Amino acid sequence: MTSIKEQAAISRLLSFLQEWDNAGKVARSHILDKFIETNQGKTAPELEQEFSQGASLFLVRLTTSLRITYMTDSYLEKLLRSIGIFLSAVSSNRYLIEFLEVGGVLTLLEILGLEKIKEEAKKESVKLLQVIANSGRTYKELICESYGVRSIAEFLAKSKSEETQEEVQVLLDSLVHGNPKYQNQVYKGLIALLPCESPKAQQLSLQTLRTAQPIIGTTHPSIVDCVLKVLGTMHLEVQYEAIELIKDLVGYDVRQALLKGLVALLIPSVKETSKLQAKILSAHPQPADVFAAGRGRQGHRPEPPAQGPGAQRHEHRRGAAVPARRAWPNGRHGQHGPQQQPAAGQPHAGVLRADVPLGGGARAQVHGGGTLPALPGCRPAPHLQHPSAKPNSKSRLPWHPSRVPPCSCPQSNAEDLYMKIDSIQADILAANTVNVTKALCLHGSSYSMNTLYGSRDSAQMAYLTHFEEDVESKE
């Protein structure tokens, strides 16, 4: 037989539930406000005490109201926050199971895809999904089995709120940890986000990929193309994350594909080189600081080129972002132990040739010049004569120290290289088609091969020569 105190508590509970059942939208909104204010942060036993061991009765009403009204956005944010009080409470496993049994995960995922729902309500939906994912592996698998990765990734790409996007990143990071059955699905979803139009989504996806890559252990074939395309963005924070991810990927099996793709980005298009060749054939070339865009020698800003300045600035920014020097420093330690002198292989893959055309933006020129001393190919090469020297002049390419004045040698003041050449040399550098490996082989000099590139076996040299010829055929 219940006591008078217990009967009074049950009477208050029934009165509260009846008030909720008879209330309209405005009244229910006020009830939720009061509930959130008085019960925020309470544990499951405290909630049971508040509702006289009948908290589940109110949770059922909340979930039912959610399923009926979520498409109309009526007090949806408050409704989700109230449900979150139950799910995030300590010892709330019973509440979580009750919410999932009525299709709570599917409802939350569907809210993310509705255009009419406010961003604040979607943010609360993401937070509830975080609570569910953090409850254990079984619940992470339930989200993934409900096509959650696709819905969450699409929402991240379309969201206009950076705060909401950061909450989505936390959710994806949770799904990739402790979820061996579906971690590859999350990994592929992150890669699929890289071509999206949202810079913030790209940045967050790249950050999460850096966390996920060691967990996955292997690389997906599409990650190389997706990451390299991101380097073309005008957003520096996205470029930075892409470069950091490339540094991590060097320790995996896509290292050669990354290097090949980076070299391809450094080589300008045929359309641009044809414009530069027209300047070389001009009868009266005007001396100009072609490489000092935005840093004129006399302190003035050079006029932009007449044809396609926007496209050229985009190419120059992309060239400046290519981490040819930073991602392949000598003796760098990757994810799987020390690398084998990565810089030594760069001239073979065309880096020396591709590093030369960086004749656009000042940032690209500084990085291009600064890369030359790091390459083994930047040493005296008496067997290799480059056609960039002007007629009746002693000036040669700056990476032949025996042929140039000391001030132009890349071993000294390499980052100022772009300020020490004239317009003719700049045009030739940008339009060069020299094949270093092939030229050295034609001269048959074992000394130059060992000096410039180090010791290589015949099979590797054949592959590298074929690589540069393949680049030439594409041009």
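Two rings of Phe, Tyr or Trp form an aromatic pair if their centres lie within 6.5 Å. Planes under 30 degrees apart count as stacked, those over 60 as edge-to-face, and the rest as tilted. By that rule, this structure holds 9 aromatic pairs. The model is predicted.

Take one pair to begin with. Phe35 and Phe58 have ring centres 5.2 Å apart. Where do the two residues lie? Phe35 is in helix H2, which covers residues 25-39. Phe58 is in helix H4, residues 55-69. The pair therefore ties together parts that are 23 residues apart in sequence. Both Phe35 and Phe58 are buried.

Phe58 also pairs with Phe86. Here the centres are 6.4 Å apart, with 55° between the planes. That arrangement is tilted. Phe86 sits in helix H5, residues 76-87, while Phe58 belongs to helix H4. So this pair ties together parts that are 28 residues apart in sequence.

Now step back to the whole chain. How many helices and strands does the protein chain have? There are 24 helices and 2 strands. The chain has 475 residues, and buried residues make up 51% of them. What about contacts between residues at least 6 apart in sequence? Of these, 72% join residues at least 24 apart.

The surface comes next. The protein chain exposes about 23600 Å². Carbon and sulfur atoms supply 53% of that area.

Last, the cysteines. A disulfide is a covalent bond between the sulfur atoms of two cysteines. How many disulfides does the structure hold? The count is 0. Two cysteines can still be placed by their accessibility. Cys144 has 4% relative accessibility, so Cys144 counts as buried. Cys196 stands at 15% relative accessibility. Cys196 also counts as buried, because the cut-off is under 20%.

Terms used
Residues are numbered from 1 along each chain as its sequence is written. This is a predicted model: local features need pLDDT of at least 70, side-chain atom pairs count only at pLDDT 80 or more; totals for chains, interfaces and linings use all residues. Side-chain values use heavy atoms; hydrogens and water are left out. Helices (H or I, at least four residues) and strands (E, at least two) are DSSP runs, numbered from the N terminus. Buried means under 20% relative accessible area, exposed over 50%, partly exposed in between (1.4 Å probe, protein chains only). Contact means heavy atoms within 4.5 Å. Accessible areas come from the Shrake-Rupley method with a 1.4 Å probe; for residues, only the protein chains shown count as cover. A disulfide is a pair of cysteine sulfur atoms within 2.5 Å. Rings of Phe, Tyr and Trp (its six-membered ring) pair if their centres lie within 6.5 Å; planes under 30 degrees apart count as stacked, over 60 as edge-to-face and the rest as tilted.
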